[in-house]
Amino acid sequence: MTPARHHLVWDWNGTLLNDLDLVVRATNTAFASAGGPAVTADEHRIRFRRPIADYYAEMLGRAVDAEAFGTLDRIFHDAYRAGLTSCALADDATAAIAAWPGSQSLLSMWFHDELVPTVHTYGLTPHFARVDGLRSAVGGGPKAEWLAKHLAELGLSGSEVVLIGDSVDDADAALSVGARCVLYTGGLTHPETLRTTPHPVADTLTQAVTLARTLP
């Protein structure tokens, strides 16, 4: 039976794609370029937030203006691209996708022109009505405006949608359009942080889909 909210929007980084270790390595490459500290995976999961420039400023101990962030963002993404082939999907990603009875799409804050062929490489493209990534040269901002555009292209209202993601920003984006959200603890945000929100939290993607199917 199709759930009351029949469309599921998946996040990519840290949700379907298990790239935490690569994100931390690439972040440390960016920090090192600016004389900053190295962070552990746990530290990153606790402190990371959007706008990413605010996170960088906290870790570097100084203001990060648009020019400085652009440089750090470029260094991060160069390091990320270099290691991307080492990343696998989350263990139950394909099972979770198969468990959703309605329509599905994917929205990432990674660059669109790189996201689309990458999703295809993992064999997931046929499952999604639409795949959207960031359509700007520099990212780092909130997801909300991009989710609104994504749903507009699909011809959907937020009341029809559940989003599964791994960050508070995913939850904030869902709320901004009237969608519901299930948060996944296996990604880029510390589980304790996710559990401070009012949203349902799942430790696996299949559990996240089960919860999403029950939301009004």
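Modeller: Helices (H or I, at least four residues) and strands (E, at least two residues) are DSSP runs, numbered from the N terminus. With these terms, His-190 is placed in the loop between β7 and α9 (191-194). The model is predicted: local features need pLDDT of at least 70 and side-chain atom pairs count only at pLDDT 80 or more, while totals for chains, interfaces and linings use all residues. Residues are numbered from 1 along each chain as its sequence is written, and side-chain values use heavy atoms, with hydrogens and water left out.

Colleague: What is His-190 in contact with, leaving aside its neighbours within four places in sequence?

Modeller: Contact means heavy atoms within 4.5 Å. With those sequence neighbours set aside, His-190 is in contact with Asp-42, Arg-45 and Ile-46.

Colleague: How is Ala-4 classed, buried or exposed?

Modeller: Ala-4 has a relative accessible area of 61% and is therefore exposed. This residue lies in the segment before β1 (7-10). Apart from neighbours within four places in sequence, Ala-4 is in contact with Leu-215 and Pro-216. Ala-4 and Val-161 are separated by 157 residues in sequence, yet their C-alpha atoms are 8.9 Å apart in space.

Colleague: What makes the strands a sheet, and what is their order?

Modeller: Two strands pair if DSSP finds at least two bridges between them. Strands of a sheet pair through backbone hydrogen bonds, either parallel or antiparallel. Here an open sheet of six strands has the order β5-β4-β1-β6-β7-β8, and the pairing is parallel.

Colleague: Which are the edge strands?

Modeller: They are β5 (131-134) and β8 (201-202), each of which pairs on one side only.

Colleague: How do you know that β7 and β8 are paired?

Modeller: Two bridges join strand β7 (residues 180-184) to β8, and the two run parallel. Leu-183 has Val-201 of β8 as its bridge partner, and Tyr-184 has Ala-202 of β8.

Colleague: How many bridges join β6 to β7?

Modeller: Four bridges join these parallel strands, and Leu-163 stands opposite Cys-181 in β7.

Colleague: Why is β7 described as largely enclosed by the rest of the structure?

Modeller: Four of the five residues of β7 are buried, and the description follows from that. Cys-181 has 1% relative accessibility and therefore counts as buried.

Colleague: Which strands pair with β1?

Modeller: β1 is joined to strand β4 (residues 103-111) by four bridges, running parallel, and pairs with β6 in the parallel sense, also over four bridges. Leu-8 has a bridge partner in each: Gln-104 in β4 and Val-162 in β6. Leu-8 and Trp-10 point one way from β1, and His-7 and Val-9 the other way; all are buried.

Colleague: What makes the β-α-β unit of β6, α8 and β7 right-handed?

Modeller: A crossover is right-handed if, with the strands pointing away from the viewer, the path from the first strand over the helix to the second runs clockwise. The unit made by β6, α8 and β7 is assigned as right-handed. Angles run from 0 to 180 degrees between N-to-C directions, and axes are lines fitted to C-alpha atoms, for helices over the stretch in contact. Helix α8 (residues 168-177) lies across β6 (161-165) and β7, running at about 170° to β7.

Colleague: Where does Ala-173 lie, and what is its relative accessible area?

Modeller: Ala-173 belongs to helix α8, and its relative accessible area of 0% makes it buried. Beyond its neighbours within four places in sequence, Ala-173 is in contact with Lys-143, Ala-144 and Leu-147.

Colleague: Why are α3 and α4 given the orientation that they have?

Modeller: Angles under 35 degrees count as roughly parallel, over 145 as roughly antiparallel, 65 to 115 as roughly perpendicular and the rest as oblique. The axes of α3 (residues 52-60) and α4 (residues 66-83) come within 11 Å and cross at roughly 95°. The two helices are therefore roughly perpendicular to each other. Their contact is made by Ile-52, Ala-53, Tyr-56 and Leu-60 of α3 with Phe-69, Leu-72 and Phe-76 of α4.

Colleague: How many disulfides does the structure hold?

Modeller: A disulfide is a pair of cysteine sulfur atoms within 2.5 Å, and the structure holds zero of them. Cys-87, with a relative accessible area of 9%, is buried.

Terms used: Buried means under 20% relative accessible area, exposed over 50%, partly exposed in between (1.4 Å probe, protein chains only).
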